[in-house]
Structure formats: C-alpha cells, structure tokens
Amino acid sequence: MQMNLNLLRIFVQVAETSNITEASKALFISQPAVSKAIKNLEASLGIQLFIRDKHKGLLLTEAGREILVLARQMKAIENSIYQIAGRENRLLGGKIKVGSFPAATTNLLSKAIAVFRTNYPLVKIELLEGVSDQIKQWVEDRTVELGIVASPFDSLEFEKLQSDYMVAIVPVDHPLAKEPIIDLNCYRDEVIFCKGGHEIAMNSILREYRIELGEGLTVQSAETLIRMVRNGLGIGLISNFTLSSVSHDLVVKEIRPDVTRDIGIIAHSFGEISPAAKQLVTVLLQTGQESGEGFRVIRQDHRAINQKPQP
C-alpha cells in the first residue's frame, strides 16, 4: 500500500478543525474534495478515522488519534526535507510551529522572531499561545515542533533559556513597601497568588519550599493581580518573568523563602527538529542569555536598594 501524503495533509487539517467546511477553507479546496479525500484514506487503510456526531461534528476514533500523531510526524519530515534542500541552496524556508505562554512571547519570542526573520525571511513561524501544561501536550502530540514553558519540563528534552523567581507586589503606600524582604509565612493569609496558568508547576514549587498559603484569592492573569493589589485587597505573589511583561506602578519586593524556576525550550528531540527550528533555537538561546543577564542586573540593583544600612 502506497501512502498518499496529500491525503494525510487533508486528514490532519480535518482532524485539527473537526469540521469539513473549515478544513476546506483552510486548504482552499472544495468541501466535496475534502470529504472524498477522507473517504479514500479510510478506504485505503481499511479503518474508520472519524466518528460523525450531529452535535460535536467530526470526532477522531482511537486509531484516528494515533494516526494523527504519525501524520504530523510525516508532515514534519517532509518539511525538514525541503528545508535541508533550501539550506543547501542558501534559501532556508518552510514552517515552524511554536507553542508559547504569553509572558514568554512578550519577553523572549517576539525579540527572537525579529532577529530570526532578518536572517531567514522565507521561514514562516506559526505561533500557538497557551499555558505550560497545554504546550507540553502540544509538543507531545506534535501539534507544535517547539514549546516555550516554565519548569518542570517533565520527560521532554529542554534547553534552559533563563531563570525566574517569585516576587511580591504592593502599593507604594503599603506598610510593607519599605521592608527589604516580605516573609510569605508571616503574611500567607494576605497573599493574592497569580498562577498564570501554571497551577501544577507553581503548586509543586510552593510544596517544595514548604509554603502553605491561606485560603486567599487566586487569579490567572498579571493584569487582574495588579488591579486587586492596587485596590488594597492583599499582597500580590507573581513570577518576576510574568510581571515584567506588563506595565504597573507597584512596588516589587523580594520574598522569603526565595522561590525560583526556569524558563526553557522543549522538544521531542532537538536532534530531530527541522533545520529552521534548529536555527530558531539558537536565536532563542542567545535572546534568553541576553534577557537573563538583564534580569540579573535588575535583581542585584533591587537587592542593593532594599538592603538596610548596617548600624
């Protein structure tokens, strides 16, 4: 049996949209042609790939889900073949699908893409934004080739981009605004925690540092946390990396204990990613190093400012 790559491309599009009409629009072919392609693929494989549901549309069968992962791999291999040929002709092209959480997009990826496009204008970058757990799953099922997430990185291969740490934020007129460090265990009932979509990772870190927060407020976005802190609802607890992606007029304080994590790039295997993706990883690592050095300088300056003078 000879595998038809065009049928697989159509299958992937239908699987990702769960809709024949949407898939036909994305592929710029007629709906009957898409339907026929799916029927031909199912006939050639001798299995059913989709369940037709009146309310939910097209749902993948168990075999369909397994084949989707492999079909994405075949698309990625095809993309890599063309990229290698383009590289040899000094015309690197193709497409890279990247997953990133919003703060990483703002602080790292946007800068890296600007540099990357200057050197490789023919490469198209497709961005999907989500939270770390979503992005890990996207890498696992090969929805994206690369992901930028917060630690832990689980079993996936990773390259560290930079270190991150938690900080507290309070209004300028707050009693703790002049304190050098805020001890979380002393104010755990006043903390408003911004998980930012990284619940599992952040809860793991808090357990590791034996920090038990009270039954206070928990929010998902930095913007919401900033508004609540401005309104005097409590002490904000947030990742410095996430906080640096938004503007605010609050006082940033070091916390005790010092809670850290890493931001990194993940992939199934960095040895197997496409040539274009390898170049993007190189640019991202350079961007992460430069940004990390800036964060270290800011943190050192912040600690110097908050250091109480010795008697």
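Colleague: How many disulfides does the structure hold?
Modeller: The structure holds zero disulfides, a disulfide being a pair of cysteine sulfur atoms within 2.5 Å. Before we go on, this is a predicted model, where local features need pLDDT of at least 70, side-chain atom pairs count only at pLDDT 80 or more, and totals for chains, interfaces and linings use all residues. Residues are numbered from 1 along each chain as its sequence is written, and side-chain values use heavy atoms, with hydrogens and water left out.

Colleague: Why is Cys186 called exposed?
Modeller: Exposed means over 50% relative accessible area, buried under 20%, and partly exposed in between (1.4 Å probe, protein chains only). Cys186 has 57% relative accessibility, so Cys186 counts as exposed.

Colleague: And what about Cys194, buried or exposed?
Modeller: Cys194 has a relative accessible area of 5%, so Cys194 is buried.

Colleague: What makes Val170 count as buried?
Modeller: Its relative accessibility is 0%, so Val170 counts as buried. Val170 is found in strand S6 (residues 157-170); strands (E, at least two residues) and helices (H or I, at least four) are DSSP runs, numbered from the N terminus.

Colleague: Which residues is Val170 in contact with, leaving aside neighbours within four places in sequence?
Modeller: Contact means heavy atoms within 4.5 Å, and the partners of Val170 are Ala177, Ile182, Val229, Ile235, Leu250, Val251 and Lys253.

Colleague: What is the largest nonpolar core made of?
Modeller: A nonpolar core is a set of buried Ala, Val, Leu, Ile, Met, Phe, Trp, Tyr and Cys residues joined through side-chain atoms within 4.5 Å. The largest has 37 residues, and Ile96, Leu146, Leu280 and Leu284 have the most contacts inside it. Helix H5 gives the largest share of this core, seven residues. A second, separate core of 20 residues includes Leu7, Ile38, Leu58 and Leu60.

Colleague: How much of the chain counts as buried?
Modeller: Of the 311 residues, 46% count as buried. The chain has 10 helices and 12 strands.

Colleague: Which residues lie nearest the centre of the largest pocket?
Modeller: They are Arg72, Lys75, Ala76, Asn79 and Lys97, out of 31 lining residues. H4 supplies the largest share of that lining, nine residues. On a 1 Å grid over the protein atoms alone, a pocket is an open set of points where a 1.4 Å probe fits, with protein on both sides within 12 Å along at least five of seven lines; lining residues have an atom within 4 Å of a point.
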